[in-house]
Amino acid sequence: MQQIPLGNLVQFVSPKLRHLLKEEELTQWIVLQNGIQQVDKQDLVEIVEAVILEHQKTPFYH
């Protein structure tokens, strides 16, 4: 397993996707089960989508 910031993964796999992410999303730590070399562009798109959705969630206050 390997833990890296999302920004590093984007830079390694597909730097063109970097503009889609905010700074706090780029600094989000992610865990890669099989290492960075095993991540392809489709995997990266799924990871980016999940991180964006996670950061869009608004906290529930009561």
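This note goes through the chain as a whole, then a few of its residues and a charged surface patch.

1. The model is a predicted one, in which local features need pLDDT of at least 70 and side-chain atom pairs count only at pLDDT 80 or more, whereas totals for chains, interfaces and linings use all residues. Residues are numbered from 1 along each chain as its sequence is written, and side-chain values use heavy atoms, with hydrogens and water left out.

2. The chain holds three helices and two strands, which follow one another from the N terminus in the order β-α-α-β-α; helices (H or I, at least four residues) and strands (E, at least two) are DSSP runs, numbered from the N terminus. Along the principal axes, the C-alpha atoms of the chain fill a box of roughly 45 × 25 × 20 Å.

3. Of the 62 residues in the chain, 31% are buried, where buried means under 20% relative accessible area, exposed means over 50%, and partly exposed lies in between (1.4 Å probe, protein chains only). The accessible surface of the chain comes to about 4800 Å², with 52% of this belonging to carbon and sulfur atoms; the areas come from the Shrake-Rupley method with a 1.4 Å probe, and for residues only the protein chains shown count as cover.

4. Among the contacts in the chain with a separation of 6 or more, 69% are between residues 24 or more positions apart, a contact being heavy atoms within 4.5 Å.

5. Ser14 sits in the loop between α1 (6–13) and α2 (23–26), and Ser14 counts as buried because its relative accessibility is 7%. Leaving aside neighbours within four places in sequence, Ser14 is in contact with Leu9, Lys41 and Leu44.

6. Lys41 belongs to helix α3 and is partly exposed, since its relative accessible area is 48%. Not counting residues up to four places away in sequence, Lys41 touches Val13 as well as Ser14. The C-alpha atoms of Lys41 and Leu17, which are 24 residues apart along the chain, are separated by 9.7 Å.

7. Asp43 is likewise found in helix α3 (residues 41–56), and with a relative accessible area of 30% Asp43 is partly exposed. Asp40, Asp43, Glu46 and Glu49 form a negative surface patch.

Terms used: Patches are made of residues with over 30% relative accessible area and no salt bridge: like charges are joined within 9 Å, nonpolar side chains (Val, Leu, Ile, Met, Phe, Trp, Tyr) within 5 Å. A salt bridge is a side-chain nitrogen of Lys or Arg within 4 Å of a carboxyl oxygen of Asp or Glu. Lys and Arg count as positive and Asp and Glu as negative; His and the chain ends are not counted. The place of a charge is taken as NZ of Lys, CZ of Arg, CG of Asp or CD of Glu.
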